[in-house]
Every structure is written in C-alpha cells, then in structure tokens.
Amino acid sequence: MTEVPQSAVPDTPISPPPTAVSGAPRTVSRASGSVSGTAKRNPPKPSRDRFTAVLPYFAAVSGMLVGGIGFATSYHTLANVALSWGFGEDLSRWFPIGVDASILAFLALDLYLILRGIPWPVLRMAAHGMTGATIWFNASAQGQIGTDPVKAASHGVMPILFVIGVEAARRLFIQKAQLEAGTATDRIPLHRWILSPWETPRFYRRMRLYGVTSYPEMIRRQQDLIAYEQWLKRKYDGDLSKATEDERLPMKMAAYGYTVAQALAMPEQQEREAEARAEEAERRRLDAETRQELARKQAEADRLEAQGRLEAVRARVEGETGQARAHARAQVSAAERAAELEQEALDNAVIAEARARQAEAEHKEAKEREAKAAADVRAAELERQAAEKRKEAAEADRVAAAEAQAIETAEIAEARQRAAEADRVAAETERAAAETRRAAAEADRKRVEEESRQEAALAHIARAKKEAAEAEQAAAETRRAAAEIERRAVEAEDIAKLKPRERAVRRVARLILAAGGDADRLPLADIQTELAVASPGTASEYRQEAAELLASGYRP
C-alpha cells in the first residue's frame with residue numbers, strides 16, 4: 001500500500017443533509033466507545049510524553065550512526081570491488097561515492113517532492129534499485145554468494161539497515177505532510193485482514209477510491225449501512241424488494257463512497273439541483289432575451305442615428321446643391337443682365353456718337369450758312385456800291401454832258417476820265433461779286449461733299465456699331481450657353497451626389513474647356529476668383545486634377 005498523500009474528497013456533504021426517508025432510523029453514532037473513544041479513555045501520561053519527545057532525536061542519532069557505519073563499510077568494500085574490476089586506483093575511490101551518493105540524492109529528492117505535494121515514484125524506485133545494486137556489490141565482494149552466504153549477508157546487511165532507516169524517515173515525513181495537509185490515511189489493522197479476508201479488500205478499495213482517510217470513519221459508515229439495511233428488513237418483513245428506489249439508494253451507493261445520509265439526501269439534492277439548473281436556464285433565457293432586446297434597441301438606436309446622420313448629410317448636400325444651383329442661376333442671370341446692359345450701353349454710345357456727329361455737322365452747316373450769308377451781304381454791298389458808283393458815274397456823265405454841251409473844256413475830259421475810272425471800279429466790283437458768288441458756290445459744293453462724307457462716316461460707324469453689337473450679342477449668347485452648360489453640369493453633379501471637391505474640380509475643368517482646352521492657359525487667379533480659394537497651391541491642385549479629369553475623357 002502506497003503512502004503517498006492524497007487530496008481527499010470531503011466525505012460529508014457541503015450543506016446539511018436533508019431529512020431522510022420518512023421513518024428511517026438515526027445512523028449509528030460515530031463508533032462511540034469501540035473505536036473513536038479509545039483515545040479519550042487512555043489519555044497519554046506525562047512520562048510517556050517526555051519519552052515520545054526524546055525518541056525522535058534518539059532515532060535520528062541512531063540512524064545517522066547506522067548510516068555512517070553502513071556507508072563506511074560499503075565504501076571500503078565497493079572501492080576494493082571497483083579496483084578488482086579494473087577501474088584504477090583513482091576511479092575506484094570515486095565509484096562507491098557515486099553509488100551511495102546517488103542513493104542519498106534520489107531519496108532526498110523524493111522526500112522533497114513529497115513535502116511539496118508532487119511525489120514521483122520513479123525516484124524511490126531508482127533509489128531502491130541503487131540500494132539493491134549496493135547490496136549485491138557488497139555481498140559478492142568476497143566471492144561467490146552461494147559458497148559462503150553468511151559472509152555475503154554480513155557484507156550486505158549494512159546497506160539494508162540504511163535503507164530501512166531511510167524508509168522509516170520517509171514514512172515519518174509522509175505522515176507529517178499528510179497530517180499538515182489533512183490527508184493522513186489510516187492503515188487498516190492487520191487483524192481485520194486476517195479475520196475478514198473477503199470483505200476487507202472491498203473495504204480498502206472504497207477507502208482508497210473515494211478518499212476516506214479515516215479508518216474509524218469507514219467503520220462508522222459500514223455500521224450505519226448495516227443498521228439501515230436491518231431497519232429496512234424489519235420495516236418490510238425481510239423483503240427489501242418492497243422498499244422504494246429512494247430507500248434502496250444507500251445500499252446501491254455505498255460501493256461509490258456515499259454515506260447513508262448522503263444517499264438518502266440524493267433525490268432531494270438532485271431535485272434542488274434540477275430546480276437550480278432550471279432556474280439558471282430560465283435566468284440565462286431571460287438574460288438572452290434581455291440581451292436580444294438590448295441588441296434590438298441598440299440596433300434601432302444605431303439605425304436612427306445613422307438615419308439622422310444620413311438626413312444631415314442629405315440636408316447638407318441639398319443645401320450645397322441649392323447653393324450651386326442658385327449660384328449657377330445667378331451667373332446665368334448676371335450674364336444675361338450684363339449682355340443686356342452692354343447692348344444698351346452700346347446702343348446708347350452709338351446714338352450719342354451719331355447725335356454728336358449730327359450736332360457737329362449742323363454746327364458746321366450753320367457756320368457755312370453764316371459764311372454764305374456774310375458773302376451774300378458783302379456781294380450785295382459791293383453791288384450797292386457799284387450801283388452807287390454807276391449812279392455817280394451816270395450823274396457825272398450827265399453833268400459832263402451838260403457841261404460839254406455848254407463848254408468843251410479840260411474839266412469835261414477830266415470828268416470823263418473819272419467816269420471811266422468809276423466804270424473800271426464798278427467792273428472790278430462786279431468781278432469781285434462774281435468771285436464771291438463763285439466762292440459761295442464752291443463752299444456749297446464742299447459743304448455737300450462734307451455732308452456726303454459725314455453721312456458715309458456715320459453709315460460706317462453705324463455698321464461698325466452694329467457689328468460690335470452683333471459680336472457682343474453673340475458673346476452674350478455664348479455666355480448664356482456656357483451658363484446653361486454650367487447649370488446642366490451642376491444638375492448632373494447633384495444627381496451623382498458628388499462631394500464639394502469633386503464639384504470644384506469639374507468646375508475648373510469646364511473653365512479649362514472655356515479657355516480653349518489647355519490647362520496652362522487658365523490663370524490660377526481666375527480659379528481663385530471663381531472658387532473663392534485663397535491659396536494658389538489649392539488652385540493649382542484643382543487645375544491639375546481638372547486636367548487629369550479632362551484627360552480621362554470628361555466632357556460636361
């Protein structure tokens with residue numbers, strides 16, 4: 001029977017045992033008087049206590065003495081044996097130390113592992129094997145064992161004594177460790193093996209299998225079971241088959257280490273455990289339902305939160321879309337209004353210039369009329385003077401004729417001369433008047449030519465203004481078409497739900513197309529102004545992304 005300490009299972013139930021089957025007798029008291037009461041009836045005496053306290057020291061000193069003698073004799077014998085086996089003088093000295101030291105090492109390590117609660121039987125078997133080898137080496141050191149067994153036994157008895165001492169110490173340590181751990185196992189007395197050879201093995205089996213370390217406790221359990229079985233027989237007139245399954249449980253469960261009280265409490269305990277399991281299952285079910293409900297609520301909350309975020313994003317996108325649409329409509333309206341204002345300004349400019357030229361022409365015409373009137377006045381004055389001259393000349397001729405008729409003198413000749421001079425002057429005056437009239441006619445011709453040139457110039461200006469107005473109108477139509485393209489592009493971007501940056505890149509792409517399709521021809525300042533971007537670097541990034549977008553085939 002091994003003496004290794006065991007972790008015994010408690011032999012009593014954790015909770016107080018429930019009431020046994022109705023009518024069941026109380027179990028036999030804990031072997032009062034016969035087994036457990038022996039120590040109370042025979043208390044140790046003081047002299048015996050002193051002897052018990054001194055005895056371990058005496059045993060330790062004696063064991064060390066026996067061990068020392070055994071090792072000394074074994075060392076001398078094994079050294080001679082090793083020398084005879086050819087180990088050499090040096091190795092023969094170490095051979096017995098190695099053999100005996102291995103025994104000590106294995107036994108010490110075995111005791112240490114036992115004290116730590118992790119025994120390893122291999123160490124004990126190895127120590128016993130080395131001990132057997134030592135005994136054999138010592139017994140055969142004097143020759144053949146069969147020739148002189150007494151002499152061989154005298155050489156092998158000392159290692160045997162040492163092993164017996166070590167085993168005694170080992171048993172002491174094991175018992176002490178078991179007592180400290182509460183797992184000390186009682187030995188079944190030898191007389192029980194002799195008096196009950198058939199029942200004792202089953203008795204021992206139940207103790208070992210189910211961790212019953214107390215021999216009196218096992219006796220009490222056996223007595224309780226016998227008493228309960230006799231009570232059942234008396235209750236049912238010797239026929240145990242009439243007993244219920246619950247009443248026969250102690251006899252069935254005794255082989256598995258159950259006491260009578262534990263076996264009788266099993267049905268109620270199992271019912272309680274079943275109820276506890278059912279309650280635990282119900283609790284788990286309720287917990288699962290609660291978790292599912294919480295999960296549904298959390299999912300609903302997440303869905304509502306996601307919907308709220310979606311609505312917020314939708315509102316933001318719709319706001320940005322509305323702003324883009326309003327901006328596009330404002331651009332279209334601004335372009336149309338600018339075209340109208342430019343057309344009105346052009347018309348006003350043309351009208352103002354035509355009026356200015358007409359006023360200038362009228363001013364020149366007035367000046368020419370004034371000049372003509374002045375020339376007419378001068379010509380009339382000259383004609384009047386010439387008429388006066390002629391009148392004076394005629395008067396002079398008349399006077400001269402009268403005087404001539406009177407007298408033919410030198411004065412008449414002089415009068416005639418003055419009349420001729422007056423005729424010459426009148427002729428010159430007539431000539432000057434004719435020249436004045438010619439100059440007036442020439443001025444009229446030049447005025448007509450100037451008016452023709454002015455009319456041609458006005459017609460040319462009107463044609464130029466008309467062409468400029470048509471060009472401006474075409475430009476306004478182009479801007480209106482560009483604004484319409486911008487509006488359709490914004491609507492397409494709204495349908496595609498593009499991000500603000502993607503919208504900005506597409507807008508720059510349309511600006512590049514409007515500039516001729518070359519991204520480098522579009523100034524960064526225009527991009528900054530159009531997109532309200534302060535950083536030239538950002539505008540450059542937009543232009544580069546727009547060029548890549550156009551290269552990939554984008555057309556609004």
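# Cavities, pocket and cores of a predicted model

In the second largest cavity of this predicted model, the lining residues divide into five nonpolar, five polar and one charged. A search of the whole structure finds five cavities of 30 Å³ or more, and the largest pocket holds about 610 Å³ of space.

**Second largest cavity**

- The volume of the second largest cavity is about 70 Å³, and its lining is made up of G67, G70, F71, S74, D100, I103, T131, T134, P159, F162 and V163.
- Two or more residues of this lining are given by each of the elements α2 (46-84), α3 (88-115), α4 (121-139) and α5 (149-181).
- Helix α2 provides the largest share of the lining of the second largest cavity, with four residues.

**Largest cavity**

- The largest cavity has a volume of about 100 Å³, and the residues that line it are R206, M218, R221, Q222, L225, P250, A254, G257, Y258, T259 and V260.
- Four residues, the largest share of the lining of the largest cavity, come from helix α8 (residues 215-235).
- Sorted by class, the lining of the largest cavity comprises six nonpolar, three polar and two charged residues.

**Largest pocket**

- The largest pocket is lined by 23 residues, of which A59, A60, G63, G165 and A169 are the closest to its centre.
- At least two residues of the lining of the largest pocket are supplied by each of α2, α3 and α5, and the largest share, eleven residues, comes from α2.
- The lining of the largest pocket divides into 18 nonpolar and five polar residues, with no charged residue.

**Helix α7**

- Within helix α7 (residues 199-209), the residues T200, F203, R206 and M207 are buried.
- The partners against which the buried residues of α7 pack are α6 (190-195) and α8.
- R206, one of the buried residues of α7, is also among the residues that line the largest cavity.
- After α7 comes G211, whose phi is positive, near 65°.

**Nonpolar cores**

- The largest nonpolar core has 16 residues, and those that touch the most other members are V508, A509, I512, I527, L531, Y542 and A546.
- Each of α12 (500-514), α13 (524-531) and α14 (536-551) supplies at least two residues of this core.
- When neighbours within four places in sequence are left aside, I527 is in contact with V508, L522, A532, A539 and R543.
- There is also a second, separate core of ten residues, which includes Y228, L232, L240 and A254; of these, A254 also belongs to the lining of the largest cavity.

- Leaving aside neighbours within four places in sequence, M266 is in contact with L249, M253 and Y258, and Y258 is itself one of the residues lining the largest cavity.
- From C-alpha to C-alpha, M266 and M253 are 9.9 Å apart in space, while 13 residues apart in sequence.

Methods. Residues are numbered from 1 along each chain as its sequence is written. This is a predicted model: local features need pLDDT of at least 70, side-chain atom pairs count only at pLDDT 80 or more; totals for chains, interfaces and linings use all residues. Side-chain values use heavy atoms; hydrogens and water are left out. Contact means heavy atoms within 4.5 Å. On a 1 Å grid over the protein atoms alone, a cavity is a set of points where a 1.4 Å probe fits but cannot get out, and a pocket is an open set with protein on both sides within 12 Å along at least five of seven lines; lining residues have an atom within 4 Å of a point. Grid points are joined across faces, edges and corners, and a volume is the space filled by probe spheres set on the points. Ala, Val, Leu, Ile, Met, Phe, Trp, Tyr, Cys and Pro count as nonpolar, Asp, Glu, Lys and Arg as charged, and the others, Gly among them, as polar. Buried means under 20% relative accessible area, exposed over 50%, partly exposed in between (1.4 Å probe, protein chains only). A nonpolar core is a set of buried Ala, Val, Leu, Ile, Met, Phe, Trp, Tyr and Cys residues joined through side-chain atoms within 4.5 Å.
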